[in-house]
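Dear colleague,

Please find below the structure that I am handing over to you.

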Amino acid sequence: MNQRFLEAEAKREAPTEPLWWNPDCPRVMERLVGRPLELGFLETVLPVHRLAHPALDAEGRHVGEMNVFPEAMRMKRPTEWRVCPYPGSRYRDEAPMNVTALKSMTRHWKPVLQGVLAVREEFLRHHSLLPDGRWRLGDLHALSYAVLALPTLLLMRANAPVPNGALDPVLSSMFRVTDGVRMMTSYLLLLLENSMAYDAPMTAAELYRLTEQTNQFLSNRGVCAGPPHMVEEFFATLLDGKPVAGAPSSTAAWDAELPAAMDYGMLGLQLYSLQSNLWSHMCRAHAVIHAALVEVKDEPGGALGRLRERVERDWPMIQLSGLHQATSRDLAEARYGEMYERAQRGLRGFRENALHRFQDAFTPARDEADEKARQQLRELIRSRAGAPSGSRGDVLDTVADTVAEHLSIERSALHAMEGAQRQINALLQRPHPARKLSGADLSINHHLRIGTILMRPHLLDALQDELGITTENTEDATYCH
């Protein structure tokens, strides 16, 4: 067993009291990133599939177990670890398996399967299988999102939310086991080489084979603790609708919440698609600015040199994402577009003539506000860099124009995001914030990732840190100073 992992876990700084979003989002976010955030903007900043992570269930376990994000909300919970005995890719891996979580899953196994069947039935009221009865890979990803949305809805709603520490362990176990399917299907859809199409057919057997073949039972937080027979039974239940032997029909108290949970999941999936594709656009801006800056030299300690050094320092993280390449960005955009538009069709009351097109969310207005921001940035960047002329001035104009272009795209995306967020707030019966959603709000997600393997360097942080230029961006206007 990996002793370094266990030693690091023992030394890890962790909160000594539970931190939870509902209704304490402003206080918790200020503790995490130094600025508050209204609860009514949370789903835009953090994806719905991660919101329940830090919640505690009635057994005192985090819903996200070892995968809690943000990491700073994960408490230290007594956990039994063991070397994995299962054959295949996990066998005696140095990463341990979480036996405590497995014991809880086993105690609640049949109700977990029954709950998954109930969500599956609700999902299939809105989406159909392929003619041969197989699942579309993308729809399987959306189904997993709907399962995760059920406990999250119960925790996040404004009226009679389940208190932190009181969530039914059946629901927390449903979340944990299904999150593995969400991660695996997302991996297959967004793999930058040999990715699978949204409509690619998927069976329980093929899902198991691919998970094993691609080492997705392993992670740096431990291996999947589910025995092969339980994994196979879960896949058969989720994909094939296999009845649960010896279990009565589901009569859980939360059955009535399934339609709302479906809506919550599909709205959350739309926001996730928008969030993710905006990051892809930011990677494009990083790539343009990186290419421009590497060709120019500046005096040691000069503003241009500092900016180039910062961009060079951030560049490996962009490369790690694979989104420094245009072909990878195009593939990701296509997948997120399919997720976004398909998720809308899963909402109650959807009308095809009211479909929001994904590309429209990233189409700049090209209005007076955009042009004003571009001119402001040109003047500010040249001024902070000592008003250079010639090629250095041209490079700075390229930086300014690229940042301005990204801000114009962000303005359009903010409009689409706020629309989906407003629908979520209505669904959860909580007030929508009085102010406009801003680019600064979206940057919180980047700041929460600092120090993790999920780090995403924020382009505007480089401008602020190296040149002292700040931006304020909403769907209505952009201000640079």
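**Aromatic pairs and buried rings**

Tyr 272 is buried, its relative accessible area being 13%; buried means under 20% relative accessible area, exposed over 50% and partly exposed in between, with a 1.4 Å probe and protein chains only. The model is predicted, so local features need pLDDT of at least 70 and side-chain atom pairs count only at pLDDT 80 or more, while totals for chains, interfaces and linings use all residues. Residues are numbered from 1 along each chain as its sequence is written, and side-chain values use heavy atoms, with hydrogens and water left out.

A search of the whole structure finds 9 aromatic pairs. Rings of Phe, Tyr and Trp (its six-membered ring) pair if their centres lie within 6.5 Å; planes under 30 degrees apart count as stacked, over 60 as edge-to-face and the rest as tilted. Phe 123 and Trp 135 form a tilted pair, with ring centres 5.8 Å apart and planes at 40°. Phe 123 belongs to helix 6 (residues 109-123) and Trp 135 to strand 3 (residues 135-136); helices (H or I, at least four residues) and strands (E, at least two) are DSSP runs, numbered from the N terminus. Both Phe 123 and Trp 135 are buried.

The rings of Tyr 145 and Tyr 272 are also tilted, with centres 6.2 Å apart and planes at 35°. Tyr 145 lies in helix 7 (residues 137-156) and Tyr 272 in helix 11 (residues 258-293), so this pair ties together parts that are 127 residues apart in sequence. Tyr 145 is buried, at 1% relative accessibility.

Ring pairs also join Tyr 208, Phe 217, Phe 234 and Phe 235 into a cluster. Arg 90 lies over the face of Phe 217, 4.4 Å from the ring centre; a charge sits over a ring if NZ of Lys or CZ of Arg is within 6 Å of the ring centre and within 35 degrees of the ring normal.

**Backbone features**

Most residues other than glycine have a negative phi, and most peptide bonds are trans. A cis peptide bond joins Phe 69 and Pro 70, with omega about 5°. The charged end of Arg 50 sits over the ring of Phe 69, 5.2 Å from its centre. Another cis bond joins Asn 22 and Pro 23, with omega about 10°.

Arg 92, not a glycine, has a positive phi of about 50°, and its relative accessible area of 56% makes it exposed.

Yours sincerely
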